[in-house]
Amino acid sequence: MTLYYTLVFMLLMAEMALFMFLVIPLPFAARRKMFTFISENPFVAKLQYWLKITFVFILILFIDSVNRVYRVQVELAAATEANGNSGAAIMGHERLEVQARKFYSQRNMYLCGFTLFLSLILNRTYIMILEVLRLEERVKQYEGTEKNTKQAEKLAVAGEPGEIARLRKQLAAKEQDVETLKKQAAGLHREYDDLSEKYAQTQVDDLPKKQR
């Protein structure tokens, strides 16, 4: 097996291990922390970016392996037909060579195909687990049993690209600051109105004294 197909096989084993890790039963709090860590870790975001590029190359290898399987099939059929018409059988070593090429081409095709297919399954499984966690979080909030609001906010943006999640958190913090400033401004406005009324009242009370 060549080096790049060895790397594809290692990636397939890593995907299988990750899939088992995702579907293993865990408590709600532990699973929430795990998915929050995955969504916020910058190293994981970079790893996802490079994996997308890697899967493009694996797709190219898959297409090439399918093409090789097709060519071997055509070659084997042509050789069988030619030797059948001439009344001679294919020589043993020639047939063995063609069968070996066919086996290696099919192996590479299945290896790349299963790697790509499992990557789609992993992505869909990750999204579905996130949706389930968010629904459980909402149920706990409706029931009043959830106290950890910070973890709930982190879970709400989990699964999104790191930059988008970071900007959303910054936007939420800015909106909270704006609401706080609005409340402070409203309080200062009420205090100003109270002081203005008190000052006006003192002026009204002092007016008869000045007239005397």
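Colleague: How many aromatic pairs does the count come to?
Modeller: The count comes to 4 aromatic pairs. Keep in mind that this is a predicted model.

Colleague: What sort of pair do Y49 and W50 form?
Modeller: Y49 and W50 are edge-to-face, with 75° between the planes and 5.6 Å centre to centre. The angle is what decides the label, because planes over 60 degrees apart count as edge-to-face.

Colleague: Is W50 buried or exposed?
Modeller: W50 is exposed, because its relative accessibility is 54% and the cut-off for exposed is over 50%.

Colleague: Okay, new topic. Where is S65 found?
Modeller: S65 is in helix α3, which covers residues 42-86. With 1% relative accessibility, S65 counts as buried.

Colleague: Which residues is S65 in contact with, leaving aside neighbours within four places in sequence?
Modeller: Those are Y5, S105, N108 and M109.

Colleague: And what lies 2.7 Å from a polar atom of the S65 side chain?
Modeller: That's the backbone oxygen of F62.

Colleague: Y5 came up there. Which residues of α1 are buried?
Modeller: Y5 is one of them, and the others are V8, L11, L12, E15 and L22. These residues sit on the same side of α1, because they cover an arc of only 105° around the axis.

Colleague: Why would residues a few places apart point the same way?
Modeller: An α-helix has 3.6 residues a turn, so residues three or four places apart end up pointing the same way.

Colleague: Nice. What is exposed on the other side of α1?
Modeller: L3, M10 and M20 are exposed there.

Colleague: How far apart are the end C-alpha atoms of α1?
Modeller: They are 31 Å apart. The helix has 21 residues, 3-23, and at 1.5 Å a residue it should span 30 Å, so the two values agree.

Colleague: What about α2, how far does that reach from its first C-alpha to its last?
Modeller: α2 reaches 18 Å with its 13 residues, close to the 18 Å expected at 1.5 Å a residue.

Colleague: Which residues of α2 are buried?
Modeller: The buried ones are F28, R31, R32, M34, F35, T36 and S39.

Colleague: Last one: what does I38 contact, beyond neighbours within four places in sequence?
Modeller: I38 is in contact with V44 and Y126.

Key. Residues numbered from 1 in each chain as written. Predicted model: local features only at pLDDT ≥ 70, side-chain atom pairs only at ≥ 80, totals over all residues. Heavy atoms only, no water. Helix = DSSP H or I, 4+ residues; strand = E, 2+ residues; numbered from the N terminus. Buried < 20%, exposed > 50% of the residue type's maximum accessible area, 1.4 Å probe, protein only. Polar contact = N/O pair within 3.5 Å; in protein donor to acceptor, adjacent residues only side chain to side chain. Contact = heavy atoms within 4.5 Å. Expected span 1.5 Å × (residues − 1). Arc of directions from axis to C-beta. Phe/Tyr/Trp six-rings, centres within 6.5 Å; stacked < 30°, edge-to-face > 60°.
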